[in-house]
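This report concerns one protein structure. Please consult the sequence and the model shown below.

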Amino acid sequence: MARSGLADAARVARWADTELGPGRGSATADGKATLSAATAERAAHELGLTPDQVRADWDTARLAGLVEVHGDSARPGWRLRAWDRDDSAVLRGWVALFDAWSLAYPEPQDHEPAAVAEVVSAMPQVLSFLQLSAGPVPVEQLLDLLEQRVTELRTARCEIPYGPQPEPQAEQAPTDAPLAPLLDWALRALASVGALTYGDGQATLTPLGSWAVWVKLEQICVAAQSPAGNIEQAAEDMLRGCAQLRPNAARAEYRAWLAARTVGSAVTELLAAARGEDALLRGLAFEALRVVGAPAEPDVRAVLDEPTLRPYALLWLAEHDGADPEDAHEVLTREEATWLWVDTAAAVADHGEAPLLVRHLESAVQPTIPMLLDEVRAVGHPRTVQVLVALAAAHPDPALAKAVRRAAFQVHTGGS
């Protein structure tokens, strides 16, 4: 259903990818991602559509994340890139469109923006009721529910006036007049994105709409079960809170944290935390990105040029492409593996115990300690000196500790 509903949008997005990329023409005329008249005419001619159809499909493609506009050029979103091989990308695209239902259909005229905003805020409860009903629901029943929810929203904002109030008009609730047309607009908008069917005085969720509402409810439940209470923290603080958790508990915390945010903002936050000086947070950030999965791929791929993040990104991408986690390290060059060894050692030195740092020696790719020290010195990690000093202090073998201290001194002084 999602593929069918987005097929026309995907077609226009693919056309835009071919025709409107950097240096290949102007996509927009107003700087707001609206297709220019000339571009819409050209697309209509080449695709056998009317300009209005092209504009509608273009808007759907943008809302579904199939195309992204940057300045006067367009580029495909990750969902379009993964369209043919990844069903989850298609479903995520449709959910993005579902989330943007209020933008997909013209707002009713002559209504206060505040009233429209109230209805948009109240509709999740209406949709939940439709999902639980599992069948047609009369619009009158939905209107009653909408009025109750809007009243709750106004009460929560303390907008119920104090003092004596005039008697309401007989047999007419004060919200009837404004909310009925707004409910009609909301149901038509949701029908336009394929979330429900609407007619004959009743509304019914489509199977796709029912699934999407169920997913939203599940996300709310997951978020409510945040085991360590870090759901409202920024990414860096959340990762610090997860540092002492066992892997399964940490993953549960990541899922709860992610459920409370949009994918894009969550990935951006996690990568920003990974760029910091704390190597432990770098590793944990990529563990959280493993929970994100496919939607993080373009952003992870984009950091391959950053030396600090490259080894982590290469391992993430290898595992994402199906490599066994035990074998994923084979995608790293010797230099990248050494850099990662030092970075991990820095995390252990900062947050772990001395025996753990000594055991970390066994994970090095170099077969001998002299080779490891030579390559560690050459790789140029900013924490090399601190790592070697900590390792020398922790190691029980005096001769080895002396060699490691000598290497630390040489790195510190720039000697050979």
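The sections below treat a helix pair, a sheet and a loop residue.

## Basis of the model

The model is predicted: local features need pLDDT of at least 70, side-chain atom pairs count only at pLDDT 80 or more, and totals for chains, interfaces and linings use all residues. Residues are numbered from 1 along each chain as its sequence is written, and side-chain values use heavy atoms, with hydrogens and water left out.

## Helices α1 and α5

Helices (H or I, at least four residues) and strands (E, at least two) are DSSP runs, numbered from the N terminus. The axes of α1 (residues 2–19) and α5 (residues 87–99) come within 10 Å and cross at roughly 75 degrees. Axes are lines fitted to C-alpha atoms, for helices over the stretch in contact, and angles run from 0 to 180 degrees between N-to-C directions. The two helices α1 and α5 are therefore roughly perpendicular (65 to 115 degrees).

In α1, Ala2, Arg3 and Leu6 meet residues of α5 including Trp94 and Leu97; contact means heavy atoms within 4.5 Å.

## The sheet

An open sheet is formed by three strands in the order β3-β5-β4, with antiparallel pairing; strands pair if DSSP finds at least two bridges between them. Four bridges join β4 to β5 (residues 202–205), and Gly199 has Gln202 in β5 as its bridge partner. Helix α6 (residues 113–133) lies across β3, β4 and β5, at about 75 degrees to β5.

## Ala294

Ala294 is located in the loop between α13 (279–292) and α14 (297–302). At 14% relative accessibility, Ala294 counts as buried (under 20% relative accessible area, 1.4 Å probe, protein chains only). Its C-alpha atom is separated by 8.8 Å from that of Asp86, 208 residues apart along the chain.

Methods:
Angles under 35 degrees count as roughly parallel, over 145 as roughly antiparallel, 65 to 115 as roughly perpendicular and the rest as oblique. Buried means under 20% relative accessible area, exposed over 50%, partly exposed in between (1.4 Å probe, protein chains only).
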